[in-house]
Structure formats: C-alpha cells, structure tokens
Amino acid sequence: MDAPIRRLPDAELEVMQAVWSCEPPASRTEIDQILRQYHPIASTTLLTVLTRLSEKGFLAIEKTGRSARYTPLITRQDYLAQQSRRFLDQLCGGSLPTFAAALCSSGLTKQELDQLRDLLERGGL
C-alpha cells in the first residue's frame, strides 16, 4: 500500500484546490486568480504556502529566473480518496452504516442522494 497522504490544513488545501484547477505547470499568477474568486490571500502568503506544499511533497517547483511554475505531485482524486478513507476509519470507526448516516445527515439533497445511489448501483464510482 502507498504511504498515507497527510491531511492539509484548510489554507494549504485551498491553495492546492487552486493548483488542481490550473493546467500544470501553473504560475503563481494563475493560482492567485483562482484564489481571488473565493479566498484572496496576500502574494507573500501565497508564496509561503506554495513553498510549504512543496516541502510536504504536494508540489514540484520549477524555477526559471525570478518566476516559478508549480506542478501537483498528488492528484485531487488521490487526496480525496485518502481523506475519505481516513474519515471513514477515524470518525466512523470503519463502519459503513455510520458513514452513510453521516452522509445522509450532511444536508445533501434528495437529488444528490439519488445521484449517489445511481452511481453506486451502476458501478460508476
């Protein structure tokens, strides 16, 4: 089994979400433009978070002169899968019924639950 992917703090996860939304390799400007839509942060803070993500193995940084490009080393899907498993194991005690009850109580609409049921029944996940 692959090594576990560590859980990111919220601020780092927001930056990773922006990186995943870009065509790799992404520039700081591209990442910043995405973040501005929902959670603007100072340029210096963004650079600090990008460096931290690189140190944690989430990003590769390719420097060219004074600029840098950022490439994700962990996919959004891999991160989501690992964190979902962690949620199931740690918060639900590995119990699928507990996980399903939490999911149903999470505020999902009937349409979203029907869509999830469809995906499970058709093996679309």
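Before we start: Ala, Val, Leu, Ile, Met, Phe, Trp, Tyr, Cys and Pro count as nonpolar, Asp, Glu, Lys and Arg as charged, and the others as polar. Keep in mind, too, that this is a predicted model.

**Exercise 1.** Work out which residues line the second largest pocket, and sort them by type.

*Solution.* Start with the list: R7, L8, D10, L13, Q17, W20, R76, Y79, L80 and Q83 make up the lining. Next, sort them with the definition above, and you get five nonpolar, two polar and three charged residues. Now look for the elements behind them: α1 (10–21) and α4 (76–91) each give two or more residues to this lining. The space inside comes to about 160 Å³.

**Exercise 2.** Trace how the strands β1, β2 and β3 pair up.

*Solution.* Take β2 (residues 59–64) and β3 to begin with: they're antiparallel, with six bridges between them.

**Exercise 3.** Describe the build of the chain as a whole.

*Solution.* Count the elements: six helices and three strands. Read from the N terminus, their order is α-β-α-α-β-β-α-α-α. The radius of gyration is 18 Å, well over the 14 Å that the globule rule gives for 125 residues, so the chain is more spread out than a compact globule. As for burial, 22% of the 125 residues count as buried.

How values were computed
Residues numbered from 1 in each chain as written. Predicted model: local features only at pLDDT ≥ 70, side-chain atom pairs only at ≥ 80, totals over all residues. Heavy atoms only, no water. Pairing = 2+ DSSP bridges. Helix = DSSP H or I, 4+ residues; strand = E, 2+ residues; numbered from the N terminus. 1 Å grid on protein atoms, 1.4 Å probe; cavity = no way out; pocket = protein on both sides within 12 Å on 5 of 7 lines; lining within 4 Å. Points joined across faces, edges and corners; volume = space filled by probe spheres on them. Rg over C-alpha atoms; globule rule 2.2 N^0.38 Å. Buried < 20%, exposed > 50% of the residue type's maximum accessible area, 1.4 Å probe, protein only.
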